[in-house]
Amino acid sequence: MKRELTCIVCPIGCQLSVTLENGVVTEVMGNTCPRGKQYAIDECTNPVRTITTTARTSDGGVIPVKTDRPIPKDLMFECMREVDGVIVPLPAHIGDTVIENLFGTGANIIVTANME
């Protein structure tokens, strides 16, 4: 099976062609650096995403939050449901943990802005 990707590791945006056999990457073409090859392998075998969103605050507003590391792509919607159920107490500061060890991934949901 062939898969076409655009590398997002750097601004070049290499057009990658990935060959998969039984879920294993056997060839990556089009990358101009080793990071592009690794991106293609990871994206085809274990895609991950950093989630950025907002959470409700105790005063009825919202505050920006994100995962402090990428999580498996298939957990994105569960992550959003989990964040939707959280109320962040104020004051809140950059780096404060809102949800710890999200779904056992080791990733935390953290605050990305200060709010008094």
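Author: Let us begin with the largest pocket, where helix H1 (34–45) and strand E4 (48–49) each supply at least two residues of the lining. Helices (H or I, at least four residues) and strands (E, at least two) are DSSP runs, numbered from the N terminus. The model is predicted: local features need pLDDT of at least 70 and side-chain atom pairs pLDDT 80 or more, while totals for chains, interfaces and linings use all residues. Residues are numbered from 1 along each chain as its sequence is written, and side-chain values use heavy atoms, with hydrogens and water left out.

Reader: Which residues line the largest pocket?

Author: Rolling a probe the size of a water molecule over the atoms shows where empty space is left. A pocket is an open set of points on a 1 Å grid over the protein atoms alone, where a 1.4 Å probe fits, with protein on both sides within 12 Å along at least five of seven lines; lining residues have an atom within 4 Å of a point. Here the lining consists of Ile8, Tyr39, Asp42, Glu43, Asn46, Val48 and Arg49. H1 gives the largest share, 3 residues.

Reader: Which residues have the most contacts inside the largest nonpolar core?

Author: In soluble globular proteins, nonpolar side chains tend to be buried together. A nonpolar core is a set of buried Ala, Val, Leu, Ile, Met, Phe, Trp, Tyr and Cys residues joined through side-chain atoms within 4.5 Å; buried means under 20% relative accessible area, exposed over 50%, partly exposed in between (1.4 Å probe, protein chains only). The largest core has 16 residues, and Val65, Ile71, Cys79, Val83, Val88 and Ile109 have the most contacts inside it. Strand E6 (62–67), helix H2 (76–84) and strand E10 (109–111) each give two or more residues to this core.

Reader: Where does methionine 76 lie, and is it buried or partly exposed?

Author: Methionine 76 lies in helix H2 and is partly exposed, with a relative accessible area of 24%. Not counting residues up to four places away in sequence, Met76 touches Arg49 and Ile51, where contact means heavy atoms within 4.5 Å.

Reader: In what order do the strands of the open sheet stand?

Author: Strands of a sheet pair through backbone hydrogen bonds, either parallel or antiparallel. Two strands pair if DSSP finds at least two bridges between them. Here 5 strands form an open sheet in the order E8-E5-E6-E10-E9, with mixed pairing. Strand E8 (87–88) and strand E9 (97–99) stand at the edges, each with a single partner strand, so one side of each has no neighbour in the sheet.
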